[in-house]
Each structure stands twice: as structure tokens, then as C-alpha cells.
Amino acid sequence: MNPDNPRIPAVNATLEKLIADLTPDPYDGRLRRDDAYTVVLAALDHLEALGQRRTTVGELYIWSRCIPGGETLGGHDRLMALLEQAADHGRIRLDHGHVHIGGAPTGGAPGHIWMRQLTKGGATVELIGDQPWPLGTHAHDETTAWWHCTGCRHGLPQTEAMCVYAIRRQVTDHAATCPYLPPLPDAS
């Protein structure tokens, strides 16, 4: 969140009002998870409306600490859980501490995440398609995809895309055997 952007104060005021209208849990002082998720999505939507399609987890965390009432979102771990939920819902793409807003590309090739599975070590194996997955539809036999492991960095390049059902089997098999940990976030 670039503080030099003249529209950021208006965004902060909007989000501050949204947070003020929500009631934190009286026992721990944090917003319910659904409410906190709504605030995070609103922040991401505002960034996208400003034309900013990339930020970092660190910037979002600092923002959550600077905006009045932001501490009710919770700590860094909770913010990460909310961002991972947004990634699972296709709203963002997490990549080495960076947050790509919208249907952002992944794995060094243009594409969109269709499925994620965790490896034995906790890294993510991603099944990737060239377009966002249309909600409520099934893949056809000719639908192609590829995969990428965020831990060991193995996978199929886009030029070797295969039938989505064959790729899904490869993703499952790789996730069951890969011992790699998730990548560390960038220092930026």
C-alpha cells in the first residue's frame, strides 16, 4: 500500500469505518474470522481499484497495524490465514511473500490456480490452467493444464500442458512424495 498515493487516505477511512461497524469478540478483542476476512477482501479490492495489483504480506500487515481498529484483525499468523483463504477462493495469488491481486499468473507462466495440494513438507503443488476456472462447471476431456511445486520447483512448463485429469493425478502423486518445505518469504 503505497502511502504516497493520494487516494490511500480515502481507502483507509473507508476501511476504518468498516472495522468500526464490526463488533470484536469480547474475550480476545479480535474480529470474527468472517468479519476479518471481509475487511481484508475490502482492502484488496480497494488496492485493485487503485490499479495496484501487487503488494507484500509485510505491507498488508503494517497497514493492519496503522489503520485505527486494525489490531482487531489479529496478528501476522491470522493475516496469513486470511490471505491463504483469499488465495483458495481465487481472489489473490501468494508468491514468496508477495500478494498478486486478482486472477494473477503463477509459476513463471501465464495461468490461474485451479487446485492446490500440500506436500509432505508443507509446500504447495498447484494445478494451473490458462484461464480462470469457471465456477459451477466441469472440465472437458480436451481441457489442458500444467502443474508447479512451490517447494522443489518441479512441474510441467506451460508448453507441456496435458489433459487436466492426467495432471490432477500427477499433482496428487507429487504432493504425496515431495518432502520440501514452503518457500521462505522475500526479505522485501
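Helices H3 and H4 (residues 76-88) pack at an angle of about 120°, and their axes lie 10 Å apart. This is a predicted model, in which local features need pLDDT of at least 70, side-chain atom pairs count only at pLDDT 80 or more, and totals for chains, interfaces and linings use all residues. Residues are numbered from 1 along each chain as its sequence is written, and side-chain values use heavy atoms, with hydrogens and water left out.

**Exercise 1. Describe how H3 packs against H4.**

Solution. 
- Step 1: Two packed helices are described by the angle between their axes and the distance between the axes. Axes are lines fitted to C-alpha atoms, for helices over the stretch in contact; angles run from 0 to 180 degrees between N-to-C directions.
- Step 2: Classify the angle. Under 35 degrees counts as roughly parallel, over 145 as roughly antiparallel, 65 to 115 as roughly perpendicular and the rest as oblique. H3 and H4 are therefore oblique to each other.
- Step 3: The crossing of H3 past H4 is right-handed.
- Step 4: List the contacts (heavy atoms within 4.5 Å). Val57, Leu60 and Tyr61 of H3 meet His76, Leu79, Met80 and Leu83 of H4.

**Exercise 2. Work out the strand order of the open sheet of 3 strands, and find what packs on the sheet.**

Solution. 
- Step 1: Helices (H or I, at least four residues) and strands (E, at least two) are DSSP runs, numbered from the N terminus. Two strands pair if DSSP finds at least two bridges between them.
- Step 2: Read the order. It is E1-E3-E2, with antiparallel pairing.
- Step 3: Find the edges. E1 (54-56) and E2 (92-95) each have a single partner strand, so one side of each has no neighbour in the sheet.
- Step 4: Neighbouring strands are turned by 25° against each other on average, direction ignored.
- Step 5: Check the E1 pairing. E1 and E3 (residues 98-101) run antiparallel and are joined by 3 bridges. Threonine 56 has histidine 98 in E3 as its bridge partner.
- Step 6: H3 (residues 57-66) lies across E1, E2 and E3, at about 70° to E1.

**Exercise 3. How many helices and strands does the protein chain have?**

Solution. 
- Step 1: Count. The chain has 5 helices and 7 strands.
- Step 2: Order them. From the N terminus, the elements run α-α-β-α-α-β-β-β-β-β-β-α.

Technical notes. Left-handed = near helix turned anticlockwise from the far one by under 90°.
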